[in-house]
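Subject: Handover of a structure and findings

Dear colleague,

Please find the structure below, together with its sequence.

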Amino acid sequence: MTSAIRVVDLVKRFGAITAVDGVSFDVAKGELIALLGPSGCGKTTTLRCIGGYETPTAGIIEIAGQVVNDIPVHRRDIGMVFQSYALFPHKTVGDNVGFALKMRGVPKAERRRRVAESLELVELPGFEARYPGQLSGGQRQRVALARALIHRPSVLLLDEPLANLDRKLRQSMRVELKLIQEKVGVSTVFVTHDQEEALVMSDRVAVMEDGRIHQLGTPSEVYHRPATPFVATFIGETNLLEGEVAAVEGGLARVRIAGERDILVGATPPCAPGRRVAVTVRPERIELAREAPAGARNVVIGTVEFVTYLGASASYRVVAAGGQRFLVTQPLADDRAGFAEGDTVALWWAADRGLLLA
Amino acid sequence: MPDAAALARVARHRGLLLSLPVIAFFLAFFLFPLLSLFRVSLAANPGGTGYGEGRAFYVPGTWTLDNYARFFGDPYFLQLALFTLELGLLTALATTLVSYALAYQIYRARPLMKSALLMIVILPKFTNVLVLMYGFLVVFGANGLLNRLLLATGLVREPVQMVYNLFSVILGEIVLILPYCVLVIAAVLHAIDPALEDAARGLGAGPFRVFWEVTLPLSLPAVGVAGLLGFIWGVGAFVAPYLLGKPELYTLAVEVDRQTNWRLNWAMGAAVAFVLMAIIVGLVFVFMRLGREPAVEARA
């Protein structure tokens with residue numbers, strides 16, 4: 001099966017600045033891929049290259065098996081939702097949604113029918129006669145989505161579509177957007193800087209920095225098996241310990257961290273002693289108690305420096321004897337108090353809880 | 001102790017207090033002279049013609065509508081008014097078209113070119129109106145640069161008459177009005193969210209349809225303002241008809257000058273000036289009513 005979108009070695013330079021530096025990925029039919037990264041990482045430029053709004057400096061872009069590098073925006077089979085929604089303020093909701101059909105010469109009667117259908121899809125039936133200025137942010141967002149989907153494009157491009165909504169609405173729109181995307185079955189590229197949004201909505205996430213993709217994988221893969229320290233720190237919170245491999249024995253690497261005791265971690269990827277590496281351990285995968293049980297590995301003794309109460313859980317910042325700071329999250333199943341600032345605690349984790357980043 | 005209620009009253013009228021100097025200036029230097037002029041237009045005509053008769057320019061203390069009656073009874077004045085309106089409309093149309101084209105080029109230009117074009121557009125305003133008009137004659141006159149070039153290259157045998165016609169009058173007016181209209185339109189074009197044009201392209205609109213469906217409708221308010229500016233200026237045209245035209249192309253504004261300074265009939269001059277003003281104010285009013293309705297509808 002051919003991919004809906006193929007991006008091969010995409011490079012985009014603006015003068016001396018390289019915004020996209022060799023990006024490649026495929027989007028399967030009906031798949032939703034998120035391009036996730038901090039601002040300036042090249043995610044929006046990549047999206048604009050797929051849409052045809054920017055001309056690639058090098059590389060190939062294919063849509064539905066056809067190289068589209070030389071095809072102008074208006075002849076590409078795309079639907080795009082902009083961060084600002086970009087609804088035409090002088091046109092009614094109906095004319096906004098029906099715009100793509102008008103451009104394609106669809107007769108008025110059919111246009112009206114399909115506009116009604118599309119507004120039904122985004123749960124805004126009967127909104128045809130209103131103007132964008134009369135809609136709430138969430139409604140504008142839905143209209144923008146209906147407008148981008150009405151001509152059944154083979155590709156849907158979303159540029160931070162939820163960034164302008166307030167937090168509550170954003171969370172419910174995530175699910176709704178994903179449901180509509182699945183219902184329509186359109187292959188989608190979604191640009192966001194919000195890692196939570198990317199994890200919730202996408203089938204796969206491409207984590208980007210400085211114009212490159214660090215890792216492309218399912219939300220669970222990028223969260224649990226980050227490929228680089230950047231991915232580990234960008235997706236969720238983590239403890240990143242930098243050190244040097246002291247020894248490799250029985251599938252475990254012993255990593256020497258300055259000022260602390262050695263840390264044991266699974267030796268994948270394989271690495272030789274003497275190599276600089278990082279070890280990442282998620283805060284919720286670290287155990288915390290007054291004392292470590294006998295036989296526990298990777299034990300660190302420290303002092304609770306700061307407690308963040310989060311309702312269902314608490315997160316503790318612990319300073320180890322050597323000065324290294326750890327973040328530990330513990331569920332608060334009942335109303336037991338947990339730990340207080342100044343408490344001396346032991347934290348530990350099994351070797352397979354951490355991850356080696358070579 | 002200051003009275004709290006009095007303070008509140010002052011606070012409520014603070015805007016009015018702050019605008020007092022402007023209001024005073026406006027009253028002293030605009031409204032008062034205007035009313036004085038209106039009074040003169042209602043005075044009797046002293047009669048006689050020409051200079052050196054030692055007579056008054058109008059008969060003080062008299063009240064009459066004769067000057068207005070003469071205006072609306074005399075085909076000469078009516079013809080003049082009609083031509084002035086015609087020139088105003090033509091100027092408005094021509095200026096709007098030319099300024100839109102220029103403003104659109106500026107809007108689409110790259111930054112460096114944008115500054116250069118803006119500079120060229122504003123340049124005429126750095127010089128005196130008369131200098132500008134005489135410059136026109138230097139270039140386009142019978143013995144002007146362009147004609148000499150045409151003669152020298154043998155393209156024509158006789159000098160081509162390029163000035164002292166309707167075309168040169170309108171061209172002269174365009175040069176005078178253009179900078180304002182271009183700036184108004186360019187400002188509105190630049191205020192359009194670029195994502196709107198991107199969105200239209202993404203939905204299948206080619207360059208022309210993007211312009212027709214998005215850019216043009218969103219810049220229409222500016223087109224209206226530019227047209228209004230062109231019309232007001234064109235109806236009030238004086239310099240271009242006078243210097244680049246001929247008597248058949250004279251306007252009401254030129255007539256005000258002729259009555260006042262040549263025939264020394266201030267009363268008639270004032271009356272013509274007021275008719276001209278009434279035409280402009282009336283049309284501006286109509287335009288603003290027309291311009292407001294759709295905007296209200298779109299927002300309601």
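How many helices and how many strands does chain B have? In this predicted model, chain B contains 13 helices and 0 strands. Followed along the sequence, the pattern of chain B is accordingly α-α-α-α-α-α-α-α-α-α-α-α-α.

The overall dimensions of chain B come next. With a radius of gyration of 25 Å, chain B lies well over the 19 Å that the globule rule gives for 300 residues, so the chain is more spread out than a compact globule. Along the principal axes, the box filled by the C-alpha atoms of chain B is roughly 90 × 75 × 35 Å.

If one takes the contacts in chain B between residues at least 6 apart in sequence, 66% of them join residues at least 24 apart.

I turn now to the contact between the chains. Chain B contributes 17 residues to this contact, and chain A contributes 18 residues. On the side of chain B that touches chain A, the elements giving two or more residues are helix 9 (194–202), helix 10 (207–235) and helix 13 (266–299) of chain B. Helix 9 of chain B provides the largest share of that side, namely 6 residues. Sorted by class, the side of chain B that touches chain A comprises 9 nonpolar, 3 polar and 5 charged residues.

Yours sincerely

Technical notes
Residues are numbered from 1 along each chain as its sequence is written. Chains are lettered from A and ligands numbered from 1 in the order in which they are written. This is a predicted model: local features need pLDDT of at least 70, side-chain atom pairs count only at pLDDT 80 or more; totals for chains, interfaces and linings use all residues. Two residues are in contact if their C-beta atoms, placed from the backbone, lie within 7 Å. Helices (H or I, at least four residues) and strands (E, at least two) are DSSP runs, numbered from the N terminus. Ala, Val, Leu, Ile, Met, Phe, Trp, Tyr, Cys and Pro count as nonpolar, Asp, Glu, Lys and Arg as charged, and the others, Gly among them, as polar. The radius of gyration is taken over C-alpha atoms; the globule rule is 2.2 Å times the number of residues to the power 0.38.
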